[in-house]
Amino acid sequence: MQSDTDLWTVITIFAMVACTVVTRSFFFIPSKPWPMPSWLKRGLNYAPIAALASVIIPEMVMSQGQLIGTWQDARLFAVLAGVAWYYFKRGIFGTIVCGMAAYLPLHVGLGW
Amino acid sequence: MKPLQRFMRLWRDAEFRAGARDMFSVAPGLASWGLMTGVAMANSGMSTVEVLLMGVLVYAGSSQLAALPLIAAGAPLWVVLATAFCVNLRFVVFSAHLRDYMMHLSLPQRLWRGYLTTDLTYVLFVKRHPKPGEDADHRQQQMRYLVGSCALGWVSWITLSLVGIAFAHAIPPAWGLGFAGILALLGILCSLVSTKLRALSAVVAGTAAVAAFALPLKLNILVGIAAAVCVCMLLEKTASLAPTAKAQE
């Protein structure tokens, strides 16, 4: 860490705080009653999972902006292990533990 | 003494405790993700003050990680913000769902809860309370659950972020502990798969987000959401899929 603090970076950080508040509260900021259009309500069935998948799937199958070309990637096995746990046992905690149990030996041990 | 008494009253409340307990069961993923975010911030070249400000206040791991290289490269403010916004688009979607739960509160109360509602909090909350409360009592009970899980989530995230910042030199990034955060989100993703069309939505969104990855500002996330929602809404109308989707709603 460096010792000189840059005012512009501090402004950026506070703007990011505002961004967190605005995005997380987005649709409940306006106080006026606002009947949700029916197409939006239907879309909301699919949008949360789509948003999450768009964030995490690239993190699982890409490195340095490219689709990985090998199966020897610890992340793939971690995802398989995690999904398998969820499918048979349910529970987010088990998904994390099971996934990391597959990930760490392959990643740290074999360098995958 | 007043804030302390208020806290003690909350602490004895069953719903608050349930929220905290449910969050506790997923906290290891959150904590190791916070830890690695702390390490990444400490190694990003920002000053100690900047790292601490970001670690304590921004409270959005994935957008922090996306913003770090941009800040290090001296990218303009609007680029950093647009990127953070796209990474946070999932929260915009969650907020539409949460609107009916929140509108009985004042604006400052809504903003506080919004600020503290992460992916995990949202999923745990709508799982325990699938419908917005019908009377004032019920709504307050729901809010106490939300506040309980927000509180535990915030404390564990901030604590482990600070630990990560302090011990950055001792934790090699090569271990890839941050992947635990992705696995936590994977667990959330699995718990959202309740219909075939929702599973399809995840696959389409993921594929589109990978295909559009080269777009600037993380717009690939927007492309992923748009593609998946369009495909699913079109398929919803076809006879073969609609009944299953409806029946399980």
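Reader: Leaving aside neighbours within four places in sequence, with which residues is A:Leu106 in contact?

Author: This is a predicted model, and A:Leu106 lies in helix α5 of chain A. Once its neighbours within four places in sequence are set aside, the contacts of A:Leu106 are A:Ala74, A:Phe77 and A:Trp112.

Reader: Is A:Leu106 buried, exposed or partly exposed?

Author: A residue counts as buried if 20 or more other C-beta atoms lie within 10 Å of its own, and as exposed if 12 or fewer do. A:Leu106 has 17 other C-beta atoms within 10 Å, and is therefore partly exposed.

Reader: What distance separates the C-alpha atoms of A:Leu106 and A:Val79?

Author: Both residues belong to the contact between two helices, A:Val79 in α4(A) and A:Leu106 in α5(A). They are 27 residues apart along the chain, and their C-alpha atoms are separated by 13 Å.

Reader: How are α4(A) and α5(A) oriented to each other, parallel or antiparallel?

Author: The axes of α4(A) and α5(A) are 7 Å apart, and the helices pack at an angle of about 155°. Angles over 145 degrees count as roughly antiparallel. The crossing of this pair is right-handed. The relation of α4(A) and α5(A) is therefore roughly antiparallel.

Reader: How many nonpolar, polar and charged residues has the contact of α4(A) with α5(A)?

Author: The residues from α4(A) include A:Arg75, A:Trp85 and A:Lys89, and those from α5(A) include A:Cys98, A:Tyr103 and A:His107. By class, the contact of α4(A) with α5(A) has 13 nonpolar, 5 polar and 2 charged residues.

Reader: Which helix gives the largest share of the side of chain A that touches chain B?

Author: The contact takes 59 residues from chain A and 84 residues from chain B. On the side of chain A, α1 (7-25), α2 (38-43), α3 (47-61), α4 (74-89) and α5 (92-109) each supply at least two residues. That side divides into 38 nonpolar, 16 polar and 5 charged residues. Its largest share, 15 residues, comes from α3(A).

Reader: What covers the buried residues of α5(B)?

Author: The buried residues of helix α5 (residues 77-87) of chain B are B:Val80, B:Thr83, B:Ala84, B:Phe85, B:Cys86 and B:Val87. Their cover draws on both chains. It includes α1 and α3 of chain A, together with α4 (61-72), α6 (89-102) and α12 (219-236) of chain B.

Reader: How are α3(B) and α9(B) oriented, parallel or antiparallel?

Author: The axes of helix α3 (residues 48-57) and helix α9 (residues 136-166), both of chain B, come within 9 Å and cross at roughly 160°. That angle makes α3(B), in relation to α9(B), roughly antiparallel.

Reader: Which residues of α9(B) make the contact with α3(B)?

Author: α3(B) passes α9(B) in a right-handed crossing. By class, their contact has 6 nonpolar, 2 polar and no charged residues. From α3(B) come B:Val51, B:Leu52, B:Gly55 and B:Val56, and from α9(B) come B:Ile158, B:Ser161, B:Leu162 and B:Ile165.

Reader: In what handedness does α11(B) pass α12(B)?

Author: The axes of helix α11 (residues 196-211) of chain B and α12(B) come within 8 Å and cross at roughly 145°. Their contact has 14 nonpolar, 4 polar and 1 charged residues. The crossing of α11(B) with α12(B) is right-handed.

Reader: In which helix of chain A is confidence lowest?

Author: The mean pLDDT of chain A is 89, and 97% of its residues reach 70 or more. Confidence in chain A is highest in α1(A), at 95, while the lowest mean, 86, is in α2(A).

Reader: Over which residues of chain B is the pLDDT below 50?

Author: Chain B averages a pLDDT of 88, with 95% of the residues at 70 or above. Where pLDDT is low, the predicted coordinates should not be read in detail. The stretch with pLDDT below 50 has 6 contacts beyond near neighbours in sequence, and comprises residues 245-249 of chain B.

Terms used
Residues are numbered from 1 along each chain as its sequence is written. Chains are lettered from A and ligands numbered from 1 in the order in which they are written. This is a predicted model: local features need pLDDT of at least 70, side-chain atom pairs count only at pLDDT 80 or more; totals for chains, interfaces and linings use all residues. Two residues are in contact if their C-beta atoms, placed from the backbone, lie within 7 Å. Helices (H or I, at least four residues) and strands (E, at least two) are DSSP runs, numbered from the N terminus. Ala, Val, Leu, Ile, Met, Phe, Trp, Tyr, Cys and Pro count as nonpolar, Asp, Glu, Lys and Arg as charged, and the others, Gly among them, as polar. pLDDT is the predictor's confidence in each residue, from 0 to 100. Axes are lines fitted to C-alpha atoms, for helices over the stretch in contact, and angles run from 0 to 180 degrees between N-to-C directions. Angles under 35 degrees count as roughly parallel, over 145 as roughly antiparallel, 65 to 115 as roughly perpendicular and the rest as oblique. A crossing is left-handed if the near helix is turned anticlockwise from the far one by less than a right angle, and right-handed if clockwise.
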